[in-house]
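Please find below a colleague's note on the structure.

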2 protein chains.
Amino acid sequence: MNTITNIKLLNEKISELKKNGLSIGFVPTMGYLHDGHISLIDRAREENDIVIVSIFVNPTQFGPNEDLTSYPKNLKNDSAMCIKHKVDILFIPNNDEIYPDDFSTYVDVVGLSSILCGSSRPGHFRGVTTIVLKLFNLVSPQNAYFGLKDYQQFVIIKKMVRDLNLNVNIIGCPIVRESDGIAMSSRNVYLSEDQRKQATYIYQSLREAKRKIKRGERSSAKIIDDITKRLEMIEDSKIDYIKICDPYFLEEVEEITEEVRILIACFVGNARLIDNISAKSKWIKAIIDQTKG
Amino acid sequence: MNTITNIKLLNEKISELKKNGLSIGFVPTMGYLHDGHISLIDRAREENDIVIVSIFVNPTQFGPNEDLTSYPKNLKNDSAMCIKHKVDILFIPNNDEIYPDDFSTYVDVVGLSSILCGSSRPGHFRGVTTIVLKLFNLVSPQNAYFGLKDYQQFVIIKKMVRDLNLNVNIIGCPIVRESDGIAMSSRNVYLSEDQRKQATYIYQSLREAKRKIKRGERSSAKIIDDITKRLEMIEDSKIDYIKICDPYFLEEVEEITEEVRILIACFVGNARLIDNISAKSKWIKAIIDQTKG
């Protein structure tokens with residue numbers, strides 16, 4: 001594996017790869033890698049000649065009172081995991097090169113960026129889209145891999161790519177979970193053992209909601225009410241949002257008649273955890289088949 | 001010459017050109033081509049294997065009370081000029097493909113975009129940077145050519161390219177003028193014969209200012225005052241701004257001790273005309289040489 005920490009060297013390497021007509025699969029991360037990241041890397045490994053992983057804790061996507069300075073790090077372990085999973089290039093840029101002093105250009109996906117997580121984290125998605133666009137320009141990937149745990153991020157990046165005519169496929173990969181169901185996240189280390197146990201209620205509440213919708217429940221209000229009750233059982237927790245949205249534009253749905261995405265953000269202690277699940281009535285498929293027939 | 005009006009065909013063509021390792025020079029325009037544009041095309045022709053010109057009157061860079069609907073058009077003539085000057089591909093996209101109904105992603109060069117022309121035309125440069133980025137992504141040029149008449153645009157695009165790590169050289173080309181000195185612009189057709197004559201005062205005032213600075217005048221206030229008096233002699237005119245700025249960050253300069261850019265925007269009748277010139281004292285070079293010695 002080639003570890004590259006400056007842009008000039010990366011540029012040279014990328015030109016060489018492109019000259020040789022090799023396809024590049026890209027996995028942008030903030031490091032402290034877990035099995036969620038690894039699933040993206042493995043998928044990229046299967047589908048591309050070259051796999052590039054970046055590690056960059058991007059300051060522009062953190063709010064002033066968020067966990068930028070305490071965000072967990074373990075470069076040595078990250079590097080070992082990348083080697084084990086046959087990453088070709090690990091790109092670890094430094095902040096001064098990514099954001100020179102007079103940096104001032106930002107990308108905004110208007111609308112989508114100010115709902116859900118964007119509403120409680122103003123500027124967060126502007127930071128995400130800006131760094132992702134910069135990394136795409138640096139890495140020139142054919143394919144880029146994102147975990148669906150950050151479902152809104154995935155939708156926003158797909159939108160940016162379409163709107164800006166970027167020549168990269170955005171591939172969303174399934175959420176990877178711990179054995180107790182909690183979605184893997186670098187931020188799970190912020191949880192105490194007790195909090196960790198209770199945080200499993202988040203995914204449990206999503207599973208219950210999915211079951212109810214499958215069986216025919218159509219009222220979003222009812223489902224959200226059930227999830228709220230369950231999450232309120234977690235000690236020292238604060239619900240940020242529970243929303244039921246269409247999966248493409250993330251518009252809130254009142255009556256569930258199509259496939260939906262249920263999205264949760266919830267503080268457990270100091271950790272802000274997010275999770276989501278797709279849900280649809282078992283009748284929907286039958287109805288779609290019928291209208292086609 | 002190959003005229004392409006849809007994105008899919010352009011993509012196919014560009015992949016083919018890139019596969020063959022050909023360099024692409026790009027000249028983005030809003031059409032109604034004049035010798036200013038031609039100078040960009042000729043320069044691109046000299047420096048690249050392939051020359052691509054786009055014609056797109058970009059709605060997002062026009063304000064609600066501006067001249068979007070009346071902007072002059074002459075596609076037949078534009079096409080003939082492109083053929084004559086050996087353009088390989090003329091790209092004329094349609095608005096629905098460039099801005100689909102739910103389009104919502106914008107690029108902002110914060111700061112630089114809200115001064116000078118950006119101050120009187122809010123949103124203008126956001127429209128410019130967004131369309132230029134989209135076109136860069138579609139065309140994948142090695143080199144892109146812009147006229148220095150739109151000096152602020154040139155500075156902003158260079159900034160965007162650096163900040164977003166775009167892999168394209170931005171080449172600013174000298175202002176092309178009519179025989180009477182007026183800077184070539186598609187908008188000059190808005191001028192009556194009388195207005196046209198008086199509009200030459202704009203460039204005359206810039207030349208006078210340049211001479212005074214060369215001879216040692218250091219006070220921006222004094223220079224601006226002289227230009228103001230000259231422009232006020234134009235009937236039916238309204239000065240938008242007269243500024244003396246450093247050439248890189250466009251910060252206003254009070255005392256002229258380095259090279260500066262003098263920038264003017266002035267309405268003559270309904271036409272908003274812009275022009276600019278670089279100026280420096282003849283002593284500056286001597287002083288620089290001295291400090292080096």
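The points below concern a predicted model.

1. Symmetry. Chain B can be laid on chain A by a turn of 180° with a shift of 0.0 Å along the axis, and the RMSD is then 0.0 Å. The two copies are thus related as by a two-fold rotation axis. In chain B, the C-alpha nearest that axis belongs to B:Val107, at 2.2 Å from it. Both copies use the same surface, as 100% of the contact residues of chain B recur in chain A.

2. Extent of the interface. In the contact between the chains, 21 residues of chain B meet 21 residues of chain A. On the side of chain B, the elements giving two or more residues are strand S5 (105-109), helix H6 (124-139) and helix H7 (151-163). S5(B) supplies the largest share, five residues. By class, this side of chain B has eleven nonpolar, six polar and four charged residues.

3. Strand S5 (residues 105-109) of chain A pairs with S5(B) in the antiparallel sense, over five bridges. Within this pairing, A:Asp108 stands opposite B:Tyr106.

4. Helices H8 and H9 of chain B. The axes of H8 (residues 193-215) and H9 (residues 220-231) of chain B come within 9 Å and cross at roughly 155°. H8(B) and H9(B) are therefore roughly antiparallel to each other, and their crossing is right-handed. Residues of H8(B) including B:Tyr201, B:Ile202 and B:Glu208 meet a set in H9(B) that includes B:Ile223, B:Asp226 and B:Arg230. By class, the contact of H8(B) with H9(B) has seven nonpolar, two polar and four charged residues.

Technical notes. Residues numbered from 1 in each chain as written. Chains lettered and ligands numbered in written order. Predicted model: local features only at pLDDT ≥ 70, side-chain atom pairs only at ≥ 80, totals over all residues. Least-squares fit on C-alpha atoms with pLDDT ≥ 70 in both. Contact = placed C-beta atoms within 7 Å. Axes fitted to C-alpha atoms, helices over the stretch in contact; angles between N-to-C directions. Helix = DSSP H or I, 4+ residues; strand = E, 2+ residues; numbered from the N terminus. Parallel < 35°, antiparallel > 145°, perpendicular 65-115°, else oblique. Left-handed = near helix turned anticlockwise from the far one by under 90°. Nonpolar A, V, L, I, M, F, W, Y, C, P; charged D, E, K, R; others polar. Pairing = 2+ DSSP bridges.
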